[in-house]
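Okay, thanks everyone, let me put this one up on the screen.

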Amino acid sequence: MRSIRSRITIIIIIAVILSTGSALALGITDVVEIGQSSSKQSLQLLCENGEKNLDSYFNSVGQSVDMVASYAEADLESEGEGNLKEHMEKVNIFFGKIARQTSGVKTYYYRIDPEFSDKEKGFWFVDADGNGYVEHEVTDITQYDINDTSQLVWYTVPRASKEPVWIPPYITDNLDVRVISYNVPIYLHNRFVGVIGIEIDYSTMAEQVDNIKLYEHGYAYLNDSAGNIIYHPYVDVLTLPEDEIPQTPDELKGYEKFIRYEYNGVEKEAYRLPLQNGMIFNVSVPVSEINGTWKSLIRRTVWVSLGLLVIFILLAWQFASHITKPLSELAKASERVSEGDYDVELKYNGKDEVGVLTSSFRSLIQHLKTYINEINTLNKNLQEDNITLEAATIRDSLTGVKNRFALRRDYDTYYEKNIHIMMIDIDDFKSVNDNYGHSVGDYLLKKTGDALLDNFGAEYSYRYGGDEFMIVYPDISEDDFRELIKELISQLEEIYLDEKKLPVHFSAGYVYGETILHDDLRLMLRSADSLLYKAKKTGKNTFIGEEYSREKAESIQKREEESFRQW
């Protein structure tokens, strides 16, 4: 027959195990859910941030080349091919300014097709050591088969494709330097003139990718749409033989963003996003490291709980027989704890065995509450970090208004609503940059954003790109919207720098109506942009608005598509 002490000890041990096990089970479930969710969010946010940084960098390079190409074609159309030498000198000066303002540019060039001119070959400027651009002897194109796109890829590929193109990494001619390049074919009246392009240092792109780290062995890399690796921090794709370059795992060649896969015996999780230049950006992390944080917390919780449980077993053995009332209270408290209620009060403070057990039980409850509070604090901190990261991804850092990523995110909120959508930009903004400098241009962009925020609010103001801004304002009458425009114009006309009024004006186009179909917002945007263009053509410093017509918007779209195909 068991003694009363044994029976009491067994009862207490069972109660403690049940309550501790229930608390641990609840805590472990919460930790697992929070840990897995936060790990995925961290992986996604890191990939999205890296994708935006790379897209921003590639876009800045592409915009620089496109700007020079537009300038060159406009100059050719105005001057003709008779003044080709003078044309090259003007483009050279303009290109030099643009290249110096673009990060990571290794070389820039304007190469003339030998069939267009056998006298002017073009120019090629190289910054070999970081001390400035020096003109380099151009490659003799006549020594190559220009119909073979595997040779002189920076020239033959855009010539064959007849459109701007990013060229994957290669060793640039004569310099033995790794680069990637963006090249634009130049035409004069549908006649191929040559190629304008920029080669950026491969290491500049690599540094941006290498800076993206997650956990100890997480890394980022780039591949093309066919799965060929373009850059990998642990694979030198430019020195390995082609048949030795590893391919992107098959699981990463689909369209899913979150992928779980195995590589070289290691289970990994990746998040991938396409870049605007056709590359795919991947962030990959071993699953063991993703799970490591919350598993470590669970192990510590289990070991502490087991240690406390052992202490309670030892204390329970010391109880005396006259503890019915304190023991009853303790049993009731254990039941409440097992149900997840940790706010129990134990009044017994005797010096006997029951008193010791009661005190230890209080300690166990406090430890469990502390661990749960730590878990809740961790969850709160993760949520705050997510909110901070989300805010950074949807706001334009210079002007404070929302960016195009935020517009895509907000798209569905404007569906089936009466809205006004307005496109506005700064007249002759390039002249401001040229005459006053880019710092003044940035100041003007910031003041423009402030005016939009003051009059239309942060929820409906967007920076569409460059000096172009957009307002999407729902549920407002035409008269009230025009009043807001008047207030906006008044504020924009009073932009001062060093107590001097800046001589700047603005033009805008807007439409208003109901977004009945899902693509109405996109068509309204196109219509507003068309009215902005009309305002520019009619003398600038003009605001034009009209009621939305889907038929007219589709006509504008069709006309633009036909113009693009003819171009």
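**A walk through the model**

Let's start with helix α3, residues 153-161, where Trp 154, Tyr 155, Thr 156, Pro 158 and Arg 159 are buried. Keep in mind that this is a predicted model. So what covers the buried residues of α3? The cover includes four strands: β1 (105-112), β4 (165-171), β5 (178-188) and β6 (191-201).

Is Ser 181 buried or exposed? Its relative accessibility is 0%, so Ser 181 counts as buried. Its side chain has a polar contact with the side chain of Asn 183, at 2.9 Å. If you skip residues up to four places away in sequence, Ser 181 touches Tyr 109, Trp 154, Val 165, Trp 166, Ile 167, Tyr 170, Ile 198 and Glu 199.

Okay, cores next. The largest nonpolar core has 57 residues, and the ones with the most contacts inside it are Phe 58, Tyr 110, Leu 222 and Phe 281. Helix α1, residues 4-79, gives the largest share of this core, eleven residues. Apart from this core there's another, with 51 residues, including Val 401, Ile 495, Val 504 and Tyr 548.

Let me zoom in on Tyr 110. Leaving out neighbours within four places in sequence, Tyr 110 has contacts that include Ala 72, Leu 76, Met 88, Val 91, Phe 123, Ile 186, Val 193 and Ile 196. Also among its contacts are His 87 and Lys 121.

Moving on to helix α10, residues 438-456. How far does α10 reach from its first C-alpha to its last? With 19 residues, α10 reaches 26 Å, close to the 27 Å expected. Its buried residues include Val 440, Leu 444, Leu 445, Leu 452 and Phe 456, along with Gly 441 and Gly 449. After α10 you get Gly 457, with a positive phi near 90 degrees.

Last stop, Asn 228, in the loop between β7 (219-223) and β8 (229-231). Asn 228 counts as partly exposed because its relative accessibility is 33%. Setting aside neighbours within four places, Asn 228 contacts Asn 223 and Gln 247. And have a look at Thr 248: it's 20 residues from Asn 228 along the chain, with 6.4 Å between their C-alpha atoms.

Key. Residues numbered from 1 in each chain as written. Predicted model: local features only at pLDDT ≥ 70, side-chain atom pairs only at ≥ 80, totals over all residues. Heavy atoms only, no water. Buried < 20%, exposed > 50% of the residue type's maximum accessible area, 1.4 Å probe, protein only. Helix = DSSP H or I, 4+ residues; strand = E, 2+ residues; numbered from the N terminus. Contact = heavy atoms within 4.5 Å. Polar contact = N/O pair within 3.5 Å; in protein donor to acceptor, adjacent residues only side chain to side chain. Expected span 1.5 Å × (residues − 1). Core = buried A, V, L, I, M, F, W, Y, C linked by side-chain atoms within 4.5 Å.
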